[in-house]
Amino acid sequence: MAMNRKHFLCLICGILLVSMAAVSLCSCIGQNVGAVEPNTTAAAVTAAPQTEKVSVNSSKYIAQGLKDKNVTDPHQAMGRNPNIEHLEELYSDLGVASGDMHHHTWYSDGYRTFAEVKKSADKYRYDFFACSEHNNWKQVDDELWNGKRNLYSMEYTTSKGHMNIYFPEKESLAKMGDFEYYDETRGLNYHMAFDKIPDVPVVDPRYWGQGYMQTYTKSLKDGTTFYRQLVDYVHDLGGFIQLCHPFIPNYLFSPVDDNDTGNIEYFGFDAVEIFNGTTFNHTGLIEYNVRAYEYWQYLLDLGEKVYATTGSDTHYLFEGESITHMNVEQKSAEGYYNALAAGNFSLSNRIDGAKILMSIGDTMMGGTAEYQPGETLCVCIDFKRGYGAYRVNIYTDRGIAYSQVYSDRHVEIEFPIQDRDYYRVEIVKATGKITSTTDKQKYPYYLAFSQPIFLSAAD
């Protein structure tokens with residue numbers, strides 16, 4: 001039957017409309033697939049598994065974190081009702097103690113008395129504060145010193161860098177005055193002149209205890225050897241030693257690693273202070289703090305068991321920021337030290353910031369678990385008050401395993417682990433960046449860090 005012109009035009013229009021609808025449908029499908037976050041079920045299923053361990057520079061991980069949503073080591077989360085009863089049971093006998101791990105009073109170069117500093121700690125309801133004075137421990141003899149609230153610590157200060165040292169009791173701390181460095185090049189022993197510390201605080205001019213150490217550390221031929229001897233001495237006494245603000249100008253260490261990457265050579269310290277400053281995201285320090293953070297990641301990727309720490313390093317009064325949350329059996333100098341040595345603590349930007357608990361099997365944060373297929377990583381995050389939208393990233397030695405945005409004050413996460421070297425949690429603001437006043441770059445607004453749980457190969 002012949003088709004008139006009107007019918008022919010109607011047929012052509014109909015074909016065009018169907019074709020346009022098909023193209024539009026394909027486009028929408030493509031957009032929806034692209035919008036799925038990499039940590040969702042679809043991404044976890046379709047992502048090609050990484051079957052071979054690769055060596056990745058830590059700065060690459062940092063760059064991935066800056067882009068958000070970039071999961072490079074996908075893990076499958078377990079539904080909306082994770083089973084964290086075992087995690088809660090593991091921590092049931094422990095309490096949370098929050099405070100500052102690094103600050104100064106007028107017993108070294110601070111501008112405030114011990115009493116004034118304590119008053120500011122009371123204001124923010126700190127459970128503890130560690131007066132890490134430069135090359136002395138006279139603060140321990142202050143009449144307001146309280147073994148249930150203060151740590152036995154000092155900042156061992158040299159011309160080549162600073163290290164915070166912590167002990168469970170005063171006797172070991174006092175033995176730091178007996179440390180001698182043997183310089184093989186000269187065949188001589190060098191000793192810290194602790195006996196020259198004044199009997200009373202000196203405020204004007206401020207007293208710098210490190211001046212006596214600098215008299216010989218400026219001429220050290222091998223700084224690495226010096227620090228290895230120092231670390232061994234502290235460990236022999238049963239102490240914990242932390243590398244302080246390693247990249248802040250004027251506090252740089254001289255030794256670098258064999259690959260000449262600009263990283264400080266690892267000489268056995270227990271922790272790196274990754275965020276130093278009265279505010280966690282200080283615009284003038286963020287560049288150097290991120291470098292310290294990258295260095296910590298670098299050490300973890302090398303297989304070193306190193307913890308991350310923070311501290312205000314204030315020389316005035318506390319401001320409620322740069323906080324350590326310890327999981328302790330008791331609130332005492334010994335209890336704080338035990339949590340520190342075990343790595344059972346997390347870091348947050350403020351006193352009411354995120355507290356993180358995590359476990360793999362019977363292993364809590366900071367410990368080492370034997371890898372067992374089928375074991376799960378359990379994470380619990382608590383904010384004392386709301387903080388808006390924030391992103392939780394869970395890292396392994398192969399990158400980000402999980403990344404999701406939340407706004408709840410309480411979050412629970414669980415997923416089966418894979419054969420990795422470690423797992424750790426990091427929390428950043430979901431939106432907004434910190435602009436550095438030094439290099440003008442934009443950095444994530446960091447909120448909290450857990451310590452890793454390390455994994456060893458199954459027998």
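Q: Contact means heavy atoms within 4.5 Å; leaving aside its neighbours within four places in sequence, which residues is Glu375 in contact with?
A: Once neighbours within four places in sequence are left aside, Glu375 is in contact with Ile360, Gly361, Phe415, Pro416 and Ile417. For Pro416 there is also a C-alpha separation, which is 5.7 Å from Glu375, although the two residues stand 41 residues apart along the chain.

Q: What kind of model do these values come from, and how are the residues numbered?
A: This is a predicted model, in which local features need pLDDT of at least 70 and side-chain atom pairs count only at pLDDT 80 or more, while totals for chains, interfaces and linings use all residues. Residues are numbered from 1 along each chain as its sequence is written, and side-chain values use heavy atoms, with hydrogens and water left out.

Q: What makes Glu375 count as partly exposed?
A: Relative accessible area decides this: buried means under 20%, exposed means over 50%, and partly exposed is what lies in between (1.4 Å probe, protein chains only). Glu375 has 29% relative accessibility, and therefore counts as partly exposed. Glu375 is found in the loop between β14 (368–370) and β15 (376–382), where helices (H or I, at least four residues) and strands (E, at least two) are DSSP runs numbered from the N terminus.

Q: How many helices and strands does the protein chain have, and what share of its residues count as buried?
A: The protein chain has 10 helices and 21 strands, and 52% of its 459 residues count as buried. Among the contacts in the protein chain with a separation of 6 or more, 73% are accounted for by residues 24 or more positions apart.

Q: Why is Glu294, in helix α9, classed as it is by accessibility?
A: Glu294 has 22% relative accessibility, so it counts as partly exposed. Glu294 lies in helix α9 (residues 286–301), and its C-alpha is 8.4 Å from that of Ile274, which is 20 residues away in sequence.

Q: Which residues of helix α10 are buried, and what follows the helix?
A: In helix α10 (residues 333–342) the buried residues are Ala333, Gly335, Tyr336, Tyr337, Ala339 and Leu340. After α10 comes Gly343, which has a positive phi near 75 degrees.

Q: How do you know whether Arg125 and His245 are buried or exposed?
A: Arg125 has a relative accessible area of 68%, and therefore Arg125 is exposed, whereas His245, at 3% relative accessibility, counts as buried. Arg125 lies in the loop between α5 (114–123) and β2 (128–131), and His245 lies in the loop between β7 (240–243) and β8 (271–276). Each has a positive phi without being a glycine, the value being near 60 degrees for Arg125 and about 25 degrees for His245.

Q: What makes the pairing of the Asn164 and Tyr166 side chains a polar contact?
A: A polar contact is a pair of N or O atoms within 3.5 Å; within protein, one must be able to donate a hydrogen and the other to accept it, and residues adjacent in sequence count only if both atoms are side-chain atoms. The side chains of Asn164 and Tyr166 make such a contact at 3.1 Å. Asn164 is found in strand β4 (residues 161–167) and counts as buried, because its relative accessibility is 0%. Beyond four places in sequence, the residues in contact with Asn164 include Met101, His102, Ser132 and Phe240.

Q: How do you know whether Ser450 is buried or exposed, and what lies around its side chain?
A: Ser450 has 0% relative accessibility and so counts as buried; its place is in the loop between β20 (442–449) and β21 (453–456). A polar atom of the Ser450 side chain lies 2.8 Å from the backbone nitrogen of Val425. Not counting residues up to four places away in sequence, Ser450 touches Trp296, Ser346, Ile356, Met358, Met365, Arg424 and Val425.

Methods
Contact = heavy atoms within 4.5 Å.
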